[in-house]
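Visitor: I would like to learn how to read a ligand site in a model such as this one. Could we go through it feature by feature?

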Amino acid sequence: MDFKKARERMVREQLIPRGIKDPRVLEAMRKVPRHLFVDEALQNQAYSDRPLLIGEKQTISQPYMVALMTEALELKGDEKVLEIGTGSGYQTAILAELADKVYSIERLRSLSQKARKILDRLHYFNVVLKVGDGTLGWPEYAPYDAIIVTAGSPKVPEPLVEQLAEGGRLVIPVGDPYTQELVKLVKTPEGIEKKSLTICRFVNLIGKHGWKESEY
Ligand code: SAM
């Protein structure tokens, strides 16, 4: 399979027609080898229009969802970004292409370790990974210019709002375990502005300010 051609087709058929416009986002989606973030048996499906399983009952998000969430962060290149839910590390790599530094938290050690290997192999040295509860954020490196949560939460975790810089953007799916609203929050001097981007379905964000493990 010609993966480069598959990526080009993914951008042309799944992203541009649905309104993804930021040329830097489209370029990153053309560049990052998504097939290397999934198991070998799934590599020929890596550029299809859907999420895929990555082990531990978790998923790598649909390419369009990755592009939409990334575009909403409005990255120019000099930002400090916090990601909650490293998963396969694919979204992390896209962020690493577009920002200065990426801090990413994953609650499952095995996924974080796998992601570290592939991110190192691809020379994404501007990424710092941690295993833990991302609903608490990562106060040591706050404030962040952008925060992305790639798991569905019953509410916006307060620590993440606190750790957002003024002018910063936070993108997160909020709702019940079956459907969520993808929301974008912007921290302004007057308060938090909120905009709804789409309806989506993510795996659960499990932690102190998300779902309790016993609830799912
Ligand atoms: N962005 C990932 C990618 O590109 O592969 C997909 C992430 S997957 C949809 C959501 C991830 O969030 C899962 O790997 C899950 O273990 C993780 N997660 C759930 N709750 C978490 C929490 N409180 N802190 C950190 N990670 C969490």
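Visitor: Which polar backbone atom is 2.7 Å from a nitrogen atom of the ligand?

Guide: A polar contact is a pair of N or O atoms within 3.5 Å; within protein, one must be able to donate a hydrogen and the other to accept it, and residues adjacent in sequence count only if both atoms are side-chain atoms. Here a polar backbone atom of I206 lies 2.7 Å from a nitrogen atom of the ligand. This is a predicted model, in which local features need pLDDT of at least 70 and side-chain atom pairs count only at pLDDT 80 or more, while totals for chains, interfaces and linings use all residues. Residues are numbered from 1 along each chain as its sequence is written, and side-chain values use heavy atoms, with hydrogens and water left out.

Visitor: How many residues surround the ligand, and how do they divide into nonpolar, polar and charged?

Guide: A residue is near a molecule if one of its heavy atoms lies within 4 Å of it. The ligand is surrounded by 26 residues, and S88, E106, D133, G134 and I206 are the closest. Ten of the shell are nonpolar (Ala, Val, Leu, Ile, Met, Phe, Trp, Tyr, Cys and Pro), four are charged (Asp, Glu, Lys and Arg), and twelve are polar (the others, Gly among them).

Visitor: Which element gives the most to the shell around the ligand?

Guide: Elements are DSSP runs numbered from the N terminus, helices being H or I of at least four residues and strands E of at least two. In this model β2 gives the most, with three residues.

Visitor: Why is α4 largely enclosed by the rest of the structure?

Guide: Buried means under 20% relative accessible area, with a 1.4 Å probe and protein chains only. Eight of the nine residues of α4 are buried, so this helix is largely enclosed by the rest of the structure; among them are Y90, T92 and L98.

Visitor: Where is T150, and what does its side chain reach?

Guide: T150 is placed in the loop between β6 (144-149) and α6 (158-162), and its relative accessible area of 12% makes it buried. The T150 side chain reaches the backbone oxygen of G85 at 2.9 Å.

Notes:
Buried means under 20% relative accessible area, exposed over 50%, partly exposed in between (1.4 Å probe, protein chains only).
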